[in-house]
2 protein chains.
Amino acid sequence: MVRRTGDRATSGRVRVLALLLAEQRAITHHEIEERLSGGRRLDRVTLYRVLEWLSEKCLVHRVVNDDRVWRFRANAHSDTHQHAHFKCTRCTTVICLDDPQAAYDGPLPAGYRLQEIELTVKGLCAACA
Amino acid sequence: MVRRTGDRATSGRVRVLALLLAEQRAITHHEIEERLSGGRRLDRVTLYRVLEWLSEKCLVHRVVNDDRVWRFRANAHSDTHQHAHFKCTRCTTVICLDDPQAAYDGPLPAGYRLQEIELTVKGLCAACA
DNA sequence: TGACGTATTGCAACAAAGTTGCGTTTACTA
DNA sequence: TAGTAAACGCAACTTTGTTGCAATACGTCA
Ligand SMILES: [Mn+2]
Ligand SMILES: [Mn+2]
Ligand SMILES: [Zn+2]
Ligand SMILES: [Zn+2]
């Protein structure tokens, strides 16, 4: 997947993408860093750059959250990223709701053009409920 | 409105809420600080605390954005905050779409409980389109 | 297989946004 | 109007992410 982009297949890119593909949810830069602790260490700046590159190449996407921390998830689901996210208000876990439900039919002000939709459902996860 | 909460009506709380009520959109801590420059200055830490207090008391709400900067808007619309936001991907302006459209009918994993919905529609505003 | 040029990395320093601790001031109460 | 707790101002700190630059490693081509 990394090589198919035409850019260099570095060990950082491969390891981070593999890790995110294995993980089935959106995780933070910090969590990724921890899981990478075995093996040759990856500088945190490099990790930021790897994640930015993976996002640009659409191999990964960012999930926004009101704790000001980005979360990243592999785009196993290849096509347009139009699904919703669930965020637990107690343990702050974020999962992807792989449901084509995320749509917006309502009106926009005149002249506004829609590009993308981001739906976050907040609540309690099973463990916290 | 401030006094009705039972807590103290300080000049900071009153000035910031008045400012946000006048403004018809979500603005940042930084923008609020600028608009407050006339009159007795308000320390930025105090402003953070005022905004936190206003949020707790539901006189204001936070709007999340992927630039990692919170925006605040007065809750003129009193009831539950269930509407959508529009964010221009070019000029980063955020507006509230006062439309009861923000709902989620899709399924959640077993045991999950829904509390609140946050829908962000991204695109270009009239000025940027 | 080995040398080469450039994309990528690691490090140190920086920046923005928000938080914490603590002594001083202010708003409410009596 | 005095007493008191809540709120404020300031300085220092934390977290999250960014920038500049010299060192290194990836992919290519001899
Ligand atoms: Mn997702
Ligand atoms: Mn709103
Ligand atoms: Zn939870
Ligand atoms: Zn715009």
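**The surface near DNA strand C**

Author: A base oxygen of DNA strand C is placed 3.3 Å from an N or O atom in the side chain of Arg49(B); a polar contact is a pair of N or O atoms within 3.5 Å, and within protein one must be able to donate a hydrogen and the other to accept it, while residues adjacent in sequence count only if both atoms are side-chain atoms. The elements that give two or more residues to this surface are helix H3 (44–56) of chain A and helix H3 (44–56) of chain B; helices (H or I, at least four residues) and strands (E, at least two) are DSSP runs, numbered from the N terminus. This is a predicted model, in which local features need pLDDT of at least 70 and side-chain atom pairs pLDDT 80 or more, while totals for chains, interfaces and linings use all residues. Residues are numbered from 1 along each chain as its sequence is written, chains are lettered from A and ligands numbered from 1 in the order in which they are written, and side-chain values use heavy atoms, without hydrogens and water.

H3(B) gives the largest share of the surface, 4 residues. For Arg49(A), an N or O atom of the side chain is 2.5 Å from a base oxygen of DNA strand C. For Arg8(B), the corresponding distance to a base oxygen is 3.5 Å.
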